[in-house]
Amino acid sequence: MAVGDRPASAPPGGGYALTTLESMIAWGRKYSIYPFTFATACCGIEVMGAFGTHYDLSRFGAEVVRFSPRQADMLLVAGTVNYKMAPVLVRIYEQMLEPKWVVAMGACASSGGFYNNYSVLQGIDKIIPVDVYIPGCPPNPEGIIDAVVAIQKLLETGAPRAAERWPIKI
Amino acid sequence: MTDLMGTKRRGGKLDLQAEPVILNIGPSHPATHATLRFIAELDGETILSLTPEFGYLHRCFEKESESHTWTQVVTYTDRLNYVSPLMNNVGYAMAVEKLCAIEVTERCKYVRVLISEISRIIDHMVCIGTNMVDLGALTNFWYFWKPREEAYMHLIEPLTGTRLTTGYTRIGGMQWDLPEGWVQKCRDICRNVFLPAIADVNALLSKNRIFIERTMGVGSITAKDAIAMGFTGPCLRAAGVPLDLRKDETYLVYDRFDFDVPIGEHGDTCDRYMVRMEEMRQSVRIIEQALDQLPGGPINVDDTRYVLPDKQLVYTNIESLMQHFKNIFEGIHVPAGEVYSATEAANGELGYYIVSKGGGGPYKIKVRPPCFNMFQAMPLLCEGQMIADLVAVLGSVNIVAGELDR
Amino acid sequence: MAEENNSPVLRKLAEKFGDAIVSTHSGFGDDTAVVRREKIVEICTFLRDDPDLRFEFAMDLTGVDYLGEVPRFEVVYHLYSMEKKRRVRIKSRLHEEDPTIDSVSSVWPGMNWYEREAFDMYGIVFRDHPNLVRILMYEGFVGHPLRKDYPKAKRQPTVGPVE
């Protein structure tokens, strides 16, 4: 399997259109996002800080961290993903149920960071669709809060998720 | 899959009358602290054999450092043991300074000791906190996370500018001197934040029956085995071997401080926890003494071959401008040779083996990660015990994947 | 040729092994001995067991690629004696056509994985190693990445999901 030809995982037929009932569902969903923290490296420590008492992500509803992909709806990839780990990430992404959102936290997950070498994947968007990128190395926990709020806005406005325009032809 | 191995090991009779199960634990697993993988052969819940696997965070520190200048490598060293990055910076700077034969200023040595000890405290806090989360004692994690946040907000961020990837040391000195009020704040935090948090967690755990039954006798190792496997640091000291580089091969100004090195007896998880708790208290002692003895003076050596010249001179004097330019673009010129320099990091002996062929960047840097040996010894620590014990032991040996995989 | 030096370790090594010790030096305060690869296990066992030396700890093992020099590879061992509070570095050069050396994992079991890493990164083969397979790179990776002629940013096709 070469990097870059992942099949589309979103159902065909477009976006996540809203009606009154669906806006109720969106309201419920956005305040109860269950993150799956795929923390590999240093960003993982800042994720723990975001869930900690000082930055407190539970104010935004995303408190319940689920360690099983079947039970989560937001995949928070925190840290460098290398070629050895990439199949694991793809498998976790495939195991998550629709609808799901992906947040690429930090420079390494967004684009490989300052590691441009034989082992590091240059951004997880080469293998899975990403909705929100958080820049930083590592980003502040406030950046994670920002990303969760951005996902909430995506949910609220019914904007199409990245999975719907996947795969991107580079 | 024959179970000859299993039956021989357990004296010929399996616990459950069934074939052993191969269970894959990780690499994405809450208890494996990110990117570790075990392939466990189980008989019911007992581990018959354990094969650890890693490399899921291999970010090619060595290859990257070969194509960067000496000062640029400092940012890569932050990401090694990312829980206590300042110690990696200090270790690397000391190794290159050994190669350049520079002696840093007194003030710089004291500041390095201070940041190393603060890093040691926060590293042990993460280790114990996450170990306890794996055992189900979540409160300790929060009790230890608050002091970490205080250390980040009031000590590390004002000092280095960032919370986690600090990059604070330079060859020949530090990035800049301590900010105003830092010394008082440090004293404050040690007394009012670190010590009470340690006391709180101690009160919750040290006499807690559940904790004791889950950690005493679990994952124990004899001193002889620990030495043969190359353990260093708290895991070795918990096994009863009194090796601490701060005392045995003293570096920086550790010989001027009065502190004890806690030694355990059985090398089990409980001993590792106790050793770490006591080490944190001893680190607070060292910090207070260092703050009392902190001298004034310059923080960098007065040698523009290694240290950037003063900004005013750079703007007004052509030699300083040229030196500044060369130091940044070509990298500082380190003599040819090879050197091995080791410091007592929070996990054990963090060694840097640097080969230089002259020039602005290293030819090769090898990092000797302390947790490599401990991870290698996981089968020795866990075979014959149960799956739940594996989780307890893994947390207590403090495997940091950034350091393990490099 | 062992040069005149003050280090008791290097002197003892030179006395016992004679011309298996190719050269010694103590540059930058580190005692170093370059030895012939045939005697490496004997030398390491002697260093570990001799009552005056007692190097119980093998701290590090790595390879170095001196591309352009002959012999090309070098295996470097760092040892520490807790009793005598001393360190020593043992090096051994290997030719490109035959980068093999005996494994010291029988002397110090902790060196097992270090040798696997040197094999993975440099292609140095350790004879009698219990399990010489790749350790850091994924299965299916071709080549030895830390060799100087392996380009840093060379990508290889990735493998499928983990079985």
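E74(C) touches G63(C), V64(C), Y66(C), K91(C), S92(C), R93(C) and L94(C), leaving aside residues up to four places away in sequence. That is a handy place to start in this predicted model.

**Around E74(C)**

- E74(C) sits in strand β4 of chain C, which covers residues 73-81.
- Is E74(C) buried or exposed? E74(C) counts as buried, because it has 22 C-beta neighbours inside 10 Å and the cut-off for a buried residue is 20 or more.
- E74(C) and I124(C) lie 50 residues apart in sequence, yet their C-alpha atoms are 9.0 Å apart in space.

**Chain A at a glance**

- Chain A holds five helices and four strands.
- Read from the N terminus, its elements follow the order α-β-α-β-α-β-α-β-α.
- Of the 170 residues in chain A, 47% are buried.
- Among the contacts in chain A with a separation of 6 or more, 82% come from residues 24 or more positions apart.

**Where chains A and B meet**

- The contact draws 26 residues from chain A and 24 residues from chain B.
- On the side of chain B that touches chain A, the elements giving two or more residues are α2 (61-66), α6 (138-160) and α18 (401-405) of chain B.
- Which element gives the most to that side of chain B? The answer is α6(B), with four residues.
- Sorted by class, the side of chain B that touches chain A has twelve nonpolar residues, six polar and six charged.

**The three-stranded sheet of chain B**

- In chain B, three strands make an open sheet, ordered β1-β2-β3, with antiparallel pairing.
- β1 (21-25) and β3 (46-53) of chain B are at the edges and have a single partner strand each, so one side of each is left without a neighbour in the sheet.
- From one strand to the next, the twist averages 20°.
- β1(B) and β2(B) (residues 37-43) run antiparallel and are joined by five bridges.
- Within this part of the sheet, I22(B) stands opposite E41(B) of β2(B).

- Strand β6 of chain B (residues 337-344) is mostly covered, with seven of its eight residues buried.
- Eight bridges connect β6(B) with β7(B) (residues 349-356), and the two strands run antiparallel.
- S341(B) has Y352(B), in β7(B), as its bridge partner.
- The hairpin of β6(B) and β7(B) has four residues between the strands, and in it G348(B) takes a positive phi near 150°.

**Helix α7 of chain B**

- Helix α7 of chain B (residues 182-205) has 24 residues and reaches 32 Å from first C-alpha to last, close to the 34 Å expected at 1.5 Å a residue.
- Where does α7(B) bend? The bend is at I189(B), by about 35°.

Methods:
Residues are numbered from 1 along each chain as its sequence is written. Chains are lettered from A and ligands numbered from 1 in the order in which they are written. This is a predicted model: local features need pLDDT of at least 70, side-chain atom pairs count only at pLDDT 80 or more; totals for chains, interfaces and linings use all residues. Two residues are in contact if their C-beta atoms, placed from the backbone, lie within 7 Å. Ala, Val, Leu, Ile, Met, Phe, Trp, Tyr, Cys and Pro count as nonpolar, Asp, Glu, Lys and Arg as charged, and the others, Gly among them, as polar. Two strands pair if DSSP finds at least two bridges between them. Axes are lines fitted to C-alpha atoms, for helices over the stretch in contact, and angles run from 0 to 180 degrees between N-to-C directions. A residue is buried if 20 or more other C-beta atoms lie within 10 Å of its own, exposed if 12 or fewer, and partly exposed in between; C-beta atoms are placed from the backbone. The expected span of a helix is 1.5 Å times one less than its number of residues. The bend at a residue is the angle between axes fitted to the seven residues ending there and the seven starting there.
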